[in-house]
Amino acid sequence: MSKLTQTMRKEGKRSAGDRRIIGLVVEDLFADYTREIIHSVYHSMPPGRGYRLVVMAGRYDDNSYDDDNMHAYRAVCNSIYQLGGASDIDGLIVSLGSLNYLGESFLSSPLMRRFQDIPKVFIATEMEGCVTVKYDNETGIEEAVDILVNVYSARHFCMLGGRDDNPDALSRREIFRSCLEKNGLSFPPEAYMASDMSDNCVEEALELLDRNPGVQAIFCVNDAVAKGLYRALEKRHLVPGTDVKVFGFDNTCMSGELIPSLASVGSKEMTVGQRAMEILIDWMNGEPVTSELVPTMLYGRRSLEVEVYNFLTLDLDQVTDDIIYHVFDDCFYRYRNERYNRENVNLKRLFYEFISRILNAVRRRYMSQEEFDELGRLSDIFIDNGAMEYTDIRKLVMSIDRFQIFLNMKGADLMAISLMANRLFLRLRTKIIFALSKQKERISRKVSSDRERLQFFLTESTDYTGEGRGSFEEIIEGIAKLELKNAALYLFEEPVEFKQKDKTVFPDTIYLKCVLKDGDIHMISKDRQKGPVREMFIREELPSRSRGYVTVPVFYGTTIYGALACEISEDTFDRGEFIADQLGRAIHIQLKQ
């Protein structure tokens, strides 16, 4: 238990089972990189209900926008850092791409001053004197360049880079330059183009392509930039992986979803978010900690194929446990972010069990009918427990192909056992097809349903034609129709006017208006609504099973009405900020009435 927690207990400030609150500061909730950070941090928390993660989600803002309205909007979004800083937190993780730009001003900000005595871990930054966790950018980039030079004989390279205020972007550029020079290749100025590190970089990508006709390989500073490059390549009638080799960085879920799938440099064993959480927990428990680098590797996909194991050159006895686990990690690359517990099926172990038992049966040239039936059930359990949510489908199908080809080339004396093995792999393929079909249908239905719910909410919350319509109560009750599972709406007694130049002062108290628990709305009685801001995230009214919330401000223009805290989920990433925006708009219109 941290000294801060002990002090708060003595002062009577702790409740809700004395949870230890961990804060996570991020920006641009909609970005895939941010989602991956939140996902990996959240799933790396120790099991049980002793911890709760609070994500403070703002927006990237370097104060250089031509559009003053956009700058003002982002500045108000970032007020959540100050509001979150007023709450009780035992440990803090900071993941801000703009941190290098903010520098000392951020370290001296009210948020950092408030938390100066608690453990803090910074992700992907170079803050002097701070504990940081960064990717070892060099290993993965060097591997990609070596493959492009020695396997694909590439000689003409380009890079679509990032912002000058981002230390990782600068580091990756210099490492890329160094790797090219080690291979006797130049990196002239025209081979580089900066971007804002989002997928809104099509114009920059087009300029890079036009300046470098005949380019053979392009390194993108992150996966989001690669998405913009894909659109630019399409405009120039070029195909990633065929006409131009492409690889990105961060290995987000986007990399497996792009068409064709994107090769990307990612963590070799664990993500920076996972390691940051582990270091923070050790620090909170009094263990000595230091800054660390997380090793990286290249995850080859269609934009840059990488052959790791050629099964055709292996003997049956050479397919070891390590190879099977490596195939799983390669095909189900997102699963490494999950923390296994007894409530969930261990998909990695199940995959190993299925493959290894087939191989062992082939080695001993016998498989009983009982074992055949059991292995079929194992493959069903594997797919039915969500394996397809973590996979690169093309790699999975290719791996199944290779296993089958490998087994079928072992001679006629294995014909009977090969037939049984092939039937098992066919069953697995069939389950994969059905699972993907259901997944696509489910996503389609969800999009349609979300659209209808949002339309209904907006219509109901802004209807002022009847008596009593558009009241605060109606607006709050309308939140339940959005089908957020677990959430909480906090409002100030009086709206707070955001001031860009002067320090915005938030009140010490805030009112918890309603709580959503498993989709059911619970209105908080007036006598129980008021509470200290510092206890926002340990209120007893919050769903006890929820272990993490994303918190965004509820505002309209420069007027801040409160905050919406939504349980960490894909719905939160997709709709959390939008719902908060519409709540702010509805409240603003109601007050105007």
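These are my notebook entries on what I looked up in this predicted model.

**Ground rules.** I number residues from 1 along each chain as its sequence is written, and I keep to heavy atoms for side-chain values, with hydrogens and water left out. Since the model is predicted, local features need pLDDT of at least 70 and side-chain atom pairs count only at pLDDT 80 or more, while totals for chains, interfaces and linings use all residues.

**Cores.** I began with the largest nonpolar core, which has 101 residues; the term stands for a set of buried Ala, Val, Leu, Ile, Met, Phe, Trp, Tyr and Cys residues joined through side-chain atoms within 4.5 Å. Buried here is under 20% relative accessible area, exposed is over 50%, and partly exposed is in between, with a 1.4 Å probe and protein chains only. Helix H13 (residues 272-284) gives the most to this core, with seven residues; helices (H or I, at least four residues) and strands (E, at least two) are DSSP runs numbered from the N terminus.

Which residues have the most contacts inside the largest core? I found Phe176 and Phe247. Leaving aside neighbours within four places in sequence, I list among the residues in contact with Phe247 (heavy atoms within 4.5 Å) Ala144, Leu148, Phe176, Ile218, Phe219 and Cys220. Apart from this core lies another, of 40 residues, including Ile355, Ile358, Tyr390 and Ile432.

**Helix H2.** I then checked helix H2 (residues 32-42), where ten of the eleven residues are buried, so the helix is largely enclosed by the rest of the structure. Among the buried residues I noted Asp32, Arg35, Glu36 and His39.

**The six-stranded sheet.** I traced an open sheet with mixed pairing, its six strands in the order E7-E6-E8-E9-E10-E12; two strands pair if DSSP finds at least two bridges between them. Strand E7 (192-193) and strand E12 (296-299) stand at the edges with a single partner strand each, so one side of each is left without a neighbour in the sheet. Strand E6 (residues 157-160) pairs with strand E8 (residues 217-220) in the parallel sense over four bridges, and Leu160 stands opposite Cys220 in E8. Helix H11 (residues 223-235) packs on the sheet, touching E6, E8, strand E9 (245-249) and strand E10 (263-267). The direction of H11 makes about 155 degrees with that of E9, where axes are lines fitted to C-alpha atoms, for helices over the stretch in contact, and angles run from 0 to 180 degrees between N-to-C directions.

**Strand E17.** Is strand E17 (residues 548-556) mostly covered or mostly uncovered? I found eight of its nine residues buried. Strand E2 (residues 51-58) pairs with E17 in the parallel sense over four bridges, whereas strand E18 (residues 559-567) runs antiparallel to E17, joined by eight bridges. E17 and E18 form a hairpin with two residues between them, and Gly557 in the turn has a positive phi of about 65 degrees.

**Cavities.** I counted four cavities of 30 Å³ or more; a cavity is a set of points, on a 1 Å grid over the protein atoms alone, where a 1.4 Å probe fits but cannot get out, and lining residues have an atom within 4 Å of a point. Grid points are joined across faces, edges and corners, and a volume is the space filled by probe spheres set on the points. The second largest cavity has a volume of about 80 Å³, and its lining includes Ala57, Tyr73, Val552 and Glu577.

Terms used: On a 1 Å grid over the protein atoms alone, a cavity is a set of points where a 1.4 Å probe fits but cannot get out, and a pocket is an open set with protein on both sides within 12 Å along at least five of seven lines; lining residues have an atom within 4 Å of a point.
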